[in-house]
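The sequence and structure come first.

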Amino acid sequence: MSEQKKYDVVIVGAGITGAIVANQLAEKGHKVLILEAGVKKSFNFEDYRAYLHHYYKNTIKIPNSPYPQNSNAPQPLVTDVEGIKDGIQQFNKDGYFKQFGPAPFQSTYTRAKGGTTLHWLGTCLRMLPSDFKEKDLYNSGKNWPINYYDLMPYYRMAEQEIGVSADVDEQGFLGIEFEEGYVYPMNKIPQSYLDKKLTEWTDGAQFTYENKTYNYSVVSTPQGRNSSPNPNYNNGEGYQPVGAVGNPDLGQRCEGNSACVPICPVQAKYNALKTLKKAVDKGVVIKEQCVASEILYDKKTGEVNGVRYKKYENFEDLTSGKECNYTEEVITAERYVLAAHAVENAKLMLASGFQNKNIGQNLMDHPVLLTWGWAKEKIGAFRGPGSTSGIPSLRDGLFRRERSAFRIEIGNWGWNWPTGAPTTELQEGVSKHLFGKKLRKYMLDTVQKEFRLGFLIEQQALANNRVSIDNRYRDALGNYRPIINYNITDHEKEGMLAAKQFSKQFFKTIGGEDKTEYDPDKGGFIEYKGEELWWQGAGHLAGTHIMGTDKSNSVVDKYQRCHEHKNLFLVGCGNMPTMGTSNPTLTIAALSFWAAENIDKDLNSLKK
Amino acid sequence: MKIRASERLQIFEQLSVVLTGFSISEILGTGLSKVYLETIDNNLGKAIPDKLFNEFTNIPIKNEEELTVSESDSIEVLVESAEYQSIIKQIILLWYLGQWIGKENYIISSQSYLEGFVWKAIGAHPMGGKQPGFGTWGFPPLTFSQ
C-alpha cells in the first residue's frame with residue numbers, strides 16, 4: 001500500500017506548527033505535502049508588501065486588517081464582537097464564528113500561508129515548570145503528561161528556529177531553568193525608555209495583596225524579533241539572523257516600525273513564511289487554496305486513510321454572499337498531521353465524525369484585563385515593538401488554588417489598544433476647536449505620557465467552553481462555521497480583581513495617573529464584587545484537543561498522537577491542557593519539534 | 001472676489017499651515033496637497049471651499065513665519081464659525097490621518113497614511129512606516145520646540 005502513496009505525510013495548515021513539522025520531516029528525507037486554505041501567495045517580497053499596503057489603507061487597524069477576508073476560508077475578526085445591549089452581549093451575525101456566549105470570545109486567527117504568526121506580537125516566553133502540573137500543585141486546572149524538563153531541548157530548538165532575542169541570565173525566574181552555558185541566539189531587544197523609567201520608579205517598592213508581598217521587577221521579554229546576534233550562541237558558533245523571505249537583506253534587525261501586530265513591514269519579527277521557505281527548498285509541496293473538509297478514516301480501526309479537501313480558484317469578499325466554485329479531491333499518505341489551528345483542527349475532526357468527546361472542549365484564551373494611564377513625565381509612547389518588558393512576579397504562587405495567575409505586559413504604544421489612540425485624542429482635540437500649534441501641543445502633551453498594562457489572565461480548561469458544529473451554520477464552500485460557547489469563571493474574575501488592585505497600586509507607586517475608565521456597553525465589560533472590569537482576547541486560542549493520558553481525559557497522548565487514530569498527529573495550541581501565563585507560540589513550536597521527532601520515528605519503523 | 005484657479009492650491013496650502021500647525025515646507029513635503037484639495041472638492045463640491053478660501057484670503061497675513069506662530073483673532077472666528085466647522089475639521093483630519101471622514105470614510109492612499117501629521121505631532125512615526133531604527137525606542141523622547 002505504501003508504494004502507491006506519493007507522500008509520507010500530509011499536513012493540514014501552513015502556519016508555524018505545520019511549517020516546523022514539514023521542515024523537520026523533510027530534513028529527515030520524508031516526502032511532505034501541506035494543504036493550505038488561504039489565498040495563493042508566492043514567496044516574493046512583493047506579495048508580502050501587498051499585505052502592508054492593505055494595512056495602510058484599512059481604516060480599521062485590527063490584527064487581521066492586512067489580510068483580506070476570503071469567503072472560502074473565512075477568519076474571525078475582533079470587530080465581530082459587538083457591544084452589550086440590555087445586558088446581553090451582541091455579535092455580528094455575519095461574522096465567521098457563530099457565538100452563543102454568554103461571554104464574548106474575542107480572539108482571532110489568520111487563515112493565510114504563514115498563519116497567525118503574520119500578526120503575532122513575537123513574545124517568546126517559556127512556560128513555568130509549575131504550569132505543567134497545576135492539578136498536582138494547586139488542585140486546579142490539569143496536569144500535562146510531560147513536564148518542563150521533557151520540553152527543554154525542544155524549547156531550545158524553537159528558540160533557534162524563531163530566532164529569539166533575550167539575555168538568559170534575566171530569564172531564570174519562577175523555576176525556569178536552562179541548560180548550563182545556554183544563551184539565546186540573539187542579545188535581548190533593547191528595553192523601551194518606558195520600561196527603563198518604570199524600573200526606576202518602582203525600585204524597591206512592593207505590592208501587597210492577600211497578605212503577600214510581590215516585587216514590581218520589570219523584566220525584559222524574550223522576543224522572536226531580530227536583535228544583535230550573540231557570538232556565544234551554540235558553543236561559540238554564533239547565530240545568523242534570518243531576514244525577510246524573498247528579500248533577505250531586509251529585516252536583519254528590528255527597525256522600530258511599531259507595527260508588530262498586525263504586520264512587521266520588514267519581517268524582522270519571525271513569521272512562519274521563513275520556516276515554510278526552508279521546507280519548500282527541501283522539497284515540501286504546499287498546495288494552496290485547498291480547504292480540508294473531512295478526515296477519512298476506518299470506522300473499525302480508527303486508521304486515517306485520506307483527507308478530503310475543496311480546491312477553489314477564485315475568492316470573494318466574505319460578505320459578498322456569492323457562491324464559490326470548487327473541486328473536491330482526496331489526498332493520502334502514511335501519516336497525517338492537523339496543524340490548522342486550535343479551532344479549525346477541532347472543527348475538522350467534528351466534521352469528520354470523530355467520536356472522542358473531548359474534541360472542541362476546553363477552549364481557552366488569555367482574557368486580557370487592560371488598564372491605562374499617564375506616566376509622570378513624557379516617556380515617548382508609540383515607539384518600538386509593542387511590548388519589550390513585563391512584570392512576572394504574579395505568574396505563580398499558592399494563590400493559584402483560589403484564583404488565576406497573570407502575567408503583566410507593559411505596552412509601548414500608548415493607549416492604542418484600549419482607546420484607539422492617537423486618533424481618539426485627535427478627534428477630541430478637533431472637537432474642542434483646537435487647531436494649529438495648540439492642537440499639536442495638545443496631542444504631544446496627552447499622548448507622550450501614555451502607556452497601558454495588559455494582564456494576561458490564566459484561564460482554566462472547562463468542558464463547557466467549546467467549539468462545536470451545526471448543519472445550519474456553514475461558509476461559502478459549505479464547510480462548517482465554528483460555533484463558540486464561552487464563559488469566564490469566578491476563578492478568572494478573582495484573578496482580574498487582583499490585577500485591577502495591582503494596577504491601581506502601580507500607578508500610585510510610579511507617581512502616574514490612572515486613567516482607566518471602562519465603557520459598560522463594550523464587549524468584555526463585567527462588574528464583579530463591586531469592581532468594574534474589562535477584558536479583551538489575547539489571540540491565544542487553545543485547548544480544543546488537549547493532551548493527556550487516555551481518551552477519557554484527552555484527544556492526544558504525550559507524543560501528540562491521537563489516542564484513537566494512531567496515524568494521525570495533532571499540533572498547535574489545541575494540545576495544551578493548561579495555558580499558564582506565557583504567550584503560547586514558543587511552547588507550541590517546541591511541541592511541534594517534539595511531534596516531528598515522534599512522526600519521524602514512527603515512519604522509520606514503517607519503512608524497516 | 002473670485003479666486004483664480006492658479007492661486008487656489010496655494011491658498012489651500014496656506015490655510016492648511018494655519019489649521020495643522022505644520023510649516024509650509026512640511027505641507028509641501030508630503031506631496032499631497034493637490035490630492036487633498038481634489039478630495040475636498042469631490043466630496044463637498046467647490047462652493048464651500050471657495051467661500052472659505054475667500055474669507056481666509058481676507059485675513060491679513062504678513063509672512064509665512066506668522067502663519068506658523070500665531071492664530072489671530074480673525075482666524076479663531078473663522079474656525080469656530082458654524083458655517084465652516086465641518087470643512088475645517090475635515091481638512092485637519094485629512095492632514096493628520098490621511099483619511100477622509102465624511103459620508104464615506106476612507107484612507108486616500110498608503111502615502112497619505114504614512115504622511116499623517118498625527119504621528120509627527122505626538123513625537124513618533126507612523127505605525128508600520130518611517131522606522132526610526134534599531135534601539136531608538138530606548139532613548140529619551142525627542143522634545144520639540146514648536
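The largest nonpolar core has 210 residues, and I11(A), V21(A), A22(A) and A590(A) touch the most other members. Helix α13 of chain A, residues 585–607, supplies the largest share of this core, eleven residues. The model is predicted.

**Core**
- In soluble globular proteins, nonpolar side chains tend to be buried together.
- With neighbours within four places in sequence left aside, I11(A) is in contact with V21(A) and A22(A), and also with G18(A), V32(A), I34(A), V337(A) and A339(A).

**S107(A)**
- S107(A) lies in the loop of chain A between β5 (98–102) and α3 (134–138).
- S107(A) counts as buried because 27 other C-beta atoms lie within 10 Å, and the cut-off for buried is 20 or more.
- Not counting residues up to four places away in sequence, S107(A) touches D365(A) as well as G537(A), A538(A), G539(A), H540(A) and L541(A).
- From S107(A) to T489(A) the separation is 382 residues in sequence and 18 Å in space, C-alpha to C-alpha.

**Contact between chains A and B**
- On chain A, 42 residues are in contact with 41 residues of chain B.
- At least two residues each of the side of chain A that touches chain B come from α2 (45–57), α5 (193–201), α10 (423–431) and α11 (436–447) of chain A.
- The largest share of that side, eight residues, is supplied by α11(A).
- The side of chain A that touches chain B is made up of 19 nonpolar, 14 polar and nine charged residues.

Key:
Residues numbered from 1 in each chain as written. Chains lettered and ligands numbered in written order. Predicted model: local features only at pLDDT ≥ 70, side-chain atom pairs only at ≥ 80, totals over all residues. Contact = placed C-beta atoms within 7 Å. Helix = DSSP H or I, 4+ residues; strand = E, 2+ residues; numbered from the N terminus. Nonpolar A, V, L, I, M, F, W, Y, C, P; charged D, E, K, R; others polar. Core = buried A, V, L, I, M, F, W, Y, C linked by C-beta atoms within 7 Å. Buried ≥ 20, exposed ≤ 12 C-beta atoms within 10 Å, placed from the backbone.
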